[in-house]
Amino acid sequence: MAGRRPERRLATVLFLDIVDSTRIASEVGDRRWRDLLGEFRRIVRRDVRAQHGHEQDTAGDGFFVTFARPANAVHAAARIVRDVQPLGLDVRCGVHAGELERIGRGLGGIGAHIGARVMAQAGPAEVLVTGTVHDLVVGSGISFAPMADTELKGVPGRWTLYRVADVDGVALPRPLGPRALNARLGDQRREAAVPPLAVALAAVTVIIAAAMGAYALVPRAPASLGSAPSPSGGYPITMLGIDPETNEIVDRVRDSHLSIGRPSPVFVVDGTLWQETPVALVRRNLNTGVVEETMKLPENTWAVFFA
């Protein structure tokens, strides 16, 4: 009897993993690495779902995902590269489009093998694609930088690869680099050693509702918050770190970012602390209060909302 031909379908594959995951895991310890890996997977799955991708396999810190459209795969990869950097992580991604074989309930075959080999050529915070993907997404708002032809291990011939430069006019971020990476991993190590902190404004009165286990933030002296100069002894205290179990102040952050004088000048969104000042929106580390980014607000900004 003639053998049944395997079912095949056209798809785009995305392979990604964390750069230097073994070293990072050894530095932060098993407990923190487990938490970090869980948050990393949550972000990847969220960004994959947003682009209608389908997770085929997950092993350790690696993902194999398929998409119906190559542009969706590139968009998802670029978003993941950006979204995991606040965790102190860089990822590398490889994208290829071709025919895949149905293997059990999943997909695989030479097309998937090529995607994995393309990922292996990528560096930190890089998304590499094959020439097939490059040609298919023309006009989709994705820009590329050409690379030299290369050999892919186990795949015959030489392959032309392209590095994704920007998506919809937004450039991919630069790799964290040793200093930034160590600084963010330092935050992770401190977080593993110290109980989580509730960060509150020092320029407010903190009222502890013991029965409800909640914090209420009440503005005090709002007129003095708008443009108070730094004292001669250095920057004022702008943030307090509060241990939620003991309600004791365990950290004081000093800088020039004084909050506005109205209720709710701080927000926590997706694990990041945002502070609204009269002139800027300040992104802070949720566990330490340290400033990570400052974005100048347009003149006459009346309110900032998060969604």
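Modeller: Phe67 is found in strand β3. The model is predicted, so local features need pLDDT of at least 70 and side-chain atom pairs count only at pLDDT 80 or more, while totals for chains, interfaces and linings use all residues. Residues are numbered from 1 along each chain as its sequence is written, and side-chain values use heavy atoms, with hydrogens and water left out.

Is Phe67 buried or exposed? At 1% relative accessibility, Phe67 counts as buried. Buried means under 20% relative accessible area, exposed means over 50%, and partly exposed lies in between (1.4 Å probe, protein chains only).

Now look at what surrounds Phe67. Contact means heavy atoms within 4.5 Å. Neighbours within four places in sequence are set aside. Phe67 then touches Ala11, Thr12 and Leu14, among others. Its contacts also include Val48, Gln51, His52 and Gly53. Asn72, Ala73 and Ala76 are on the list too. Take Ala11: it sits 56 residues from Phe67 along the chain, yet their C-alpha atoms are separated by 6.0 Å.

Strand β3 covers residues 62-67. A search of the whole structure finds 3 aromatic pairs. Rings of Phe, Tyr and Trp (its six-membered ring) pair if their centres lie within 6.5 Å; planes under 30 degrees apart are stacked, over 60 edge-to-face, and the rest tilted.

Phe15 and Phe64 are both buried.

Another pair is Phe40 with Phe63. Here the centres are 6.1 Å apart and the planes stand at 65°, so the pair is edge-to-face. Phe40 is buried, with a relative accessible area of 0%. Phe63 is buried as well, at 2%.

Next comes helix α3, residues 70-84. Asn72, Ala73 and Ala76, numbered within that range, are the residues already named as contacts of Phe67. How many of the 15 residues of α3 are buried? The count is 13, so the helix is largely enclosed by the rest of the structure. The expected span of a helix is 1.5 Å times one less than its number of residues. For the 15 residues of α3 that gives 21 Å, and the end C-alpha atoms are 21 Å apart, which agrees.

In strand β6 (residues 126-130), 4 of the 5 residues are buried, so it is largely enclosed by the rest of the structure. Two strands pair if DSSP finds at least two bridges between them. Strand β4 (residues 91-103) runs parallel to β6, joined by 4 bridges. There, Gly94 stands opposite Leu128. Strand β10 (residues 161-167) pairs with β6 in the antiparallel sense over 3 bridges. Arg163 in β10 is the bridge partner of Leu128.

How values were computed
Helix = DSSP H or I, 4+ residues; strand = E, 2+ residues; numbered from the N terminus.
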